[in-house]
Amino acid sequence: MKITINRYILYSTICIAFVFCSLTFAVANSNVKNNDVIEKRVEDLLSKMTLEEKIGQMNQFSEEAYTDFEARIKAGEVGSILNEINPETINKYQRAAVEQSRLGIPILFARDIIHGFKTIFPISLGQAASWNPALVEECSRITAVEATSIGLRWTFAPMIDVTREPRWGRIAESSGEDPYLGAQMGAAVVKGFQGKDLSSPTSLIACAKHFAGYGATEGGRDYNTTVISQEQLRNTYLIPFKAASDAGCATFMTAFTEMNGIPSTVNSFLTKRVLRDEWKYDGMVVSDWSAITEMLVHGFSKDTCEAALKALKAGIDMDMMGMAYRTCLYKSVESGLISESLIDNAVRNILRLKFRAGLFEHPYVDLSKPSPLYAETHLKKAQELATQSCVLLKNENNTLPLNVEKLKKITVIGPLANAPHDQMGTWVFDGEKQHTVTPLQTMKDQYGDKINYINTLTYSRDKNTQGFKNAVSQAKKSDVILFFGGEESILSGEARCRADISLPGVQSELLAELKKAGKPIVMIVMAGRPVELYKELNQVDALLYAWHPGTMGGPAIVDLLFGQAVPSGKLPLSFPKLVGQIPIYYNHKNTGRPAVGDLEDIDEIPAEAPQMSLGNRSYYLDAGDKPLFPFGFGLSYTTFKYDNLILSKNTIGKSDSLFVTCTVTNTGKVAGDEVVQLYIRDLVASVTRPVRELKDFSKIHLSPGESKQVSFTLSPDKLSFWNNNNEFLLESGQFKVWIAPDSAHGLEGDFSVE
């Protein structure tokens with residue numbers, strides 16, 4: 001009987017495997033056939049196009065570009081339209097292209113939709129703090145459904161530039177300092193935007209930007225110079241872009257910046273060798289806004305036409321708002337400066353995208369469908385993501401959660417308590433503040449007369465101190481003070497860089513005055529970057545970092561403050577104590593003199609101290625070597641215990657995987673989510689490796705007293721790195737591994753690779 005059962009199981013397994021393989025082959029074969037059909041359609045259409053029509057497809061314009069815009073469309077001079085959001089107008093222009101131009105090639109309508117269309121989600125940096133790619137993908141799908149409902153089919157996101165620079169305004173659009181976390185979040189956004197089928201009318205074409213290294217701008221100044229070694233480029237800055245490519249991201253955008261003296265828009269190493277040759281990418285590449293003509297300002301081209309030719313030769317398929325292609329390419333072909341085949345290659349990529357997106361089959365907006373904007377399910381997901389993005393950074397004496405039944409009066413104060421516009425954050429063109437639910441509004445609705453709102457500072461940069469005395473007087477009558485500080489949305493984002501990242505205006509002064517009331521202070525920060533909070537931290541009993549949380553930030557924050565939800569967010573980047581520590585990031589190199597042992601503080605140095613040459617270490621006399629809060633850090637209303645680290649082997653071969661497990665237990669009294677993080681260190685290599693590198697993570701839910709075994713797989717590719725010869729390899733040697741709650745702690749193990 002036993003033998004019969006085993007044979008039956010074996011037979012069933014073989015049958016299932018055969019069916020699975022057959023289906024897999026059928027799907028793969030279907031994809032190949034579909035690609036073949038599209039390629040044939042591309043070539044057929046391309047063969048019918050005049051040179052003028054080809055060049056027309058390579059231009060993206062907004063309506064302001066021409067006074068006779070519709071006539072230009074009919075003439076086939078516009079391939080993509082930027083920033084048109086009226087569905088009737090979109091259909092009008094689309095009819096001009098499809099029904100009134102010679103070849104009927106549809107227009108691709110585009111818009112910057114970064115973290116929500118109408119329903120606004122937390123800024124991208126906040127989304128990364130959720131450490132929940134699946135939820136980010138769900139919310140990106142909602143964004144796609146809303147945006148495509150009015151005819152938009154292309155957005156310029158995700159921005160997956162790795163950055164260690166809080167002064168840079170565009171850090172708000174990023175996923176922070178870590179390439180692995182950035183890769184996971186970027187891939188999630190791509191999958192959410194595009195959905196399972198790019199030809200679906202609800203598929204929003206994603207655009208991975210800015211390729212590459214934009215986050216490394218000098219001094220955190222936007223559009224600035226970057227100097228990046230090949231080792232850094234490969235091991236850090238390119239990783240999220242490779243993940244986006246693997247996730248099927250249909251378009252890429254080049255960066256404004258130059259890298260090692262070559263502007264990214266004309267950097268053939270990036271766009272041809274890496275993207276096309278190594279990654280086999282067959283999507284479309286677009287320039288950033290007017291970036292081609294900026295080659296003149298960079299000092300890399302003598303005139304517009306030289307810039308256009310360099311961009312074309314580098315593989316830039318579409319010129320965004322630059323007029324360079326429109327102005328120069330026709331005469332360059334006619335004069336023999338370039339071959340028409342270069343233009344053909346670019347147009348192939350554009351037509352392929354339009355065919356894959358189903359624009360030829362479904363070019364128009366269906367105005368009869370009910371609007372999905374601000375759907376109840378969308379708002380619930382926005383609140384869920386906002387809740388998971390908030391990071392609890394301090395909770396002295398369990399100040400949080402607040403027990404509303406024991407509180408008679410709650411003072412609410414600060415410029416972000418009731419700021420519906422600023423709460424949405426940067427890069428919000430289409431969100432409407434009348435739909436934003438603020439913390440003050442939520443608390444008034446839920447707790448009524450217990451809420452005493454003091455409107456002292458009207459915006460984050462407000463320097464009016466006249467209401468301070470009254471604020472302190474009223475705060476003394478309350479049981480707790482909720483201070484909502486941070487920065488307005490306009491203080492982060494593109495070209496919104498700050499040399500001083502402390503709280504703007506007189507927020508710190510107000511906080512110091514409120515301390516005199518002698519009441520517990522809970523500080524909630526809404527900001528587009530890490531704000532310098534070294535001094536303020538000592539003045540508050542609890543600190544909740546909410547970023548700019550979007551439309552439903554109010555209910556999310558209030559649920560966390562009053563215990564209806566438990567904080568689970570973790571920092572996606574290190575928080576500096578002082579701006580002078582920047583750049584400070586967890587995955588740094590060790591140096592020959594790392595900061596270990598007792599470090600001398602500036603105030604401990606005696607007068608006329610003798611110079612010393614022994615025992616010196618790499619740190620700041622006045623700020624030490626540690627951040628205020630490390631990457632991956634975040635508190636909860638419960639506690640978690642990590643124990644029983646197990647490695648499957650002590651030694652593995654270069655083709656083997658290592659399985660690493662540990663047990664995580666909820667040792668507190670409430671259920672909570674914990675982000676369990678896996679780090680490694682390659683101790684000796686031909687190129688020095690970071691002191692820690694994130695290689696995986698898992699977000700788990702645990703009831704009080706519950707334990708779970710968390711398992712990770714370290715495959716050879718996760719142990720490999722790029723050397724200075726552009727080789728991706730795994731070297732023999734000793735490794736450390738951690739399963740940890742953040743980048744500064746955890747259970748440590750050792751293994752070797754032979």
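In this report, helices and strands are DSSP runs, at least four residues long for helices (H or I) and at least two for strands (E), and they are numbered from the N terminus. The structure is a predicted model, so please read every value below as computed from that prediction.

## Backbone features worth a look

A friendly place to start is the backbone. Most residues other than glycine have a negative phi, and most peptide bonds are trans. Where does P158 sit in the chain? It belongs to the loop between strand 4 (154-155) and helix 7 (179-194), and its bond to A157 is a cis peptide bond with omega of about 10 degrees. A cis peptide bond also joins L400 and P401, with omega of about 0 degrees. P401 is in the loop between strand 11 (391-395) and strand 12.

Two non-glycine residues have positive phi values. N83 has a phi near 70 degrees and is placed in the loop between strand 2 (80-82) and helix 4 (87-100). E608 has a phi of about 55 degrees and lies in the loop between helix 20 and strand 17. N83 is partly exposed, at 31% relative accessible area, whereas E608 is exposed, at 82%.

Which strands pair with strand 12? Strand 13 (residues 451-454) pairs with strand 12 in the parallel sense over four bridges, with I413 opposite I454. Strand 14 (residues 480-486) pairs with strand 12 in the parallel sense, over four bridges as well, and here T411 stands opposite I481.

Strand 21 pairs with strand 20 (residues 672-682) in the antiparallel sense, over nine bridges. Within this pairing, L678 has D696 in strand 21 as its bridge partner.

## Salt bridges

Side chains of opposite charge can pair when their charged atoms come close. How many salt bridges does the structure hold? The count is 40.

One of them joins the side chains of E340 and K54, at 2.7 Å from N to O. E340 is in helix 14 (residues 340-356) and K54 in helix 2 (residues 51-57), so this pair ties together parts that are 286 residues apart in sequence.

Another is formed by R689 and E231, whose closest N and O atoms are 3.5 Å apart. Here R689 is in the loop between strand 20 and strand 21 and E231 is in helix 8 (residues 230-237), which links distant parts of the chain, 458 residues apart.

A further salt bridge brings together K394 and E396, at 3.7 Å from N to O. There is also a network of salt bridges linking D112, R170, E173, K209 and E494.

| Residue | Relative accessible area | Class |
|---|---|---|
| E340 | 29% | partly exposed |
| K54 | 6% | buried |
| R689 | 7% | buried |
| E231 | 9% | buried |
| K394 | 15% | buried |
| E396 | 37% | partly exposed |

The cut-off explains the K394 entry: buried means under 20% relative accessible area, so K394, at 15%, counts as buried.

## Surface patches

Which residues make up the negative surface patch? D598, E600, D603 and E604 form it.

A nonpolar patch on the surface is made by I602, I605 and L621, which together have about 220 Å² of accessible area. L621 is placed in the loop between helix 20 and strand 17 and counts as partly exposed, with 37% relative accessibility.

Technical notes
Residues are numbered from 1 along each chain as its sequence is written. This is a predicted model: local features need pLDDT of at least 70, side-chain atom pairs count only at pLDDT 80 or more; totals for chains, interfaces and linings use all residues. Side-chain values use heavy atoms; hydrogens and water are left out. Patches are made of residues with over 30% relative accessible area and no salt bridge: like charges are joined within 9 Å, nonpolar side chains (Val, Leu, Ile, Met, Phe, Trp, Tyr) within 5 Å. Accessible areas come from the Shrake-Rupley method with a 1.4 Å probe; for residues, only the protein chains shown count as cover. A salt bridge is a side-chain nitrogen of Lys or Arg within 4 Å of a carboxyl oxygen of Asp or Glu. Lys and Arg count as positive and Asp and Glu as negative; His and the chain ends are not counted. The place of a charge is taken as NZ of Lys, CZ of Arg, CG of Asp or CD of Glu. Two strands pair if DSSP finds at least two bridges between them. Buried means under 20% relative accessible area, exposed over 50%, partly exposed in between (1.4 Å probe, protein chains only).
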